[in-house]
Amino acid sequence: MPPLPVTIPKDFEKYFFNRNKEREQINTILSLLEKDVANQILITGYRGVGKTFLLKKILKEQPSKYLTCYIDLSKTYGGQQGKLTEEEVIRSF
């Protein structure tokens, strides 16, 4: 399947459901930042299963004391025809 940019509707909340367990797990890991416990989270899944929706929902729920951002690398990855390098990621910023 070729890499293509994903389009997320602005009102994505109305399409979001059944991910309470995953949201709770990720929010628990993020709350450990207040105790100086740094963790890494890897979210994988087939195309179209809702990874981006899940991340957008989690970012929207974070308290304002956290600096959060979402960076979509799909266009950069697609432009590089699957050969994404660190240099190209930095250029996209």
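Tutor: Let us begin with the contacts. In this predicted model, 61% of the contacts in the protein with a separation of 6 or more are between residues 24 or more positions apart.

Student: How many helices and strands does the protein have?

Tutor: The protein has four helices and zero strands. Read from the N terminus on, its elements run α-α-α-α.

Student: What share of the residues is buried?

Tutor: Of the 93 residues in the protein, 17% are buried.

Student: How does one describe two packed helices?

Tutor: In general, one gives the angle between their axes and the distance between the axes. Here the axes of H1 and H2 come within 11 Å, and they cross at roughly 50°. The crossing in which H1 passes H2 is right-handed.

Student: Which residues make that contact?

Tutor: From H1 come Glu22, Arg23, Ile26, Asn27 and Leu30, and from H2 come Leu54, Lys57, Ile58 and Glu61. Sorted by class, the contact of H1 with H2 has four nonpolar, one polar and four charged residues.

Student: Let us take arginine 23 of helix H1. Is this residue buried or exposed?

Tutor: The relative accessible area decides the matter, and buried means under 20%. Arginine 23 has a value of 18%, so it is buried. Its side chain makes a polar contact with the side chain of glutamate 61, at 2.7 Å. Both residues also belong to the contact between H1 and H2.

Student: Where is isoleucine 43 placed?

Tutor: Isoleucine 43 lies in the loop between H1 and H2. Because its relative accessibility is 29%, isoleucine 43 counts as partly exposed.

Student: Leaving aside neighbours within four places in sequence, which residues is isoleucine 43 in contact with?

Tutor: Isoleucine 43 is then in contact with Ile26, Lys51 and Leu55. Of these, Ile26 is also one of the H1 residues in the contact with H2.

Student: How far is isoleucine 43 from leucine 54?

Tutor: The two are eleven residues apart in sequence, and their C-alpha atoms are 9.6 Å apart in space.

How values were computed. Residues numbered from 1 in each chain as written. Predicted model: local features only at pLDDT ≥ 70, side-chain atom pairs only at ≥ 80, totals over all residues. Heavy atoms only, no water. Axes fitted to C-alpha atoms, helices over the stretch in contact; angles between N-to-C directions. Helix = DSSP H or I, 4+ residues; strand = E, 2+ residues; numbered from the N terminus. Left-handed = near helix turned anticlockwise from the far one by under 90°. Contact = heavy atoms within 4.5 Å. Nonpolar A, V, L, I, M, F, W, Y, C, P; charged D, E, K, R; others polar. Buried < 20%, exposed > 50% of the residue type's maximum accessible area, 1.4 Å probe, protein only. Polar contact = N/O pair within 3.5 Å; in protein donor to acceptor, adjacent residues only side chain to side chain.
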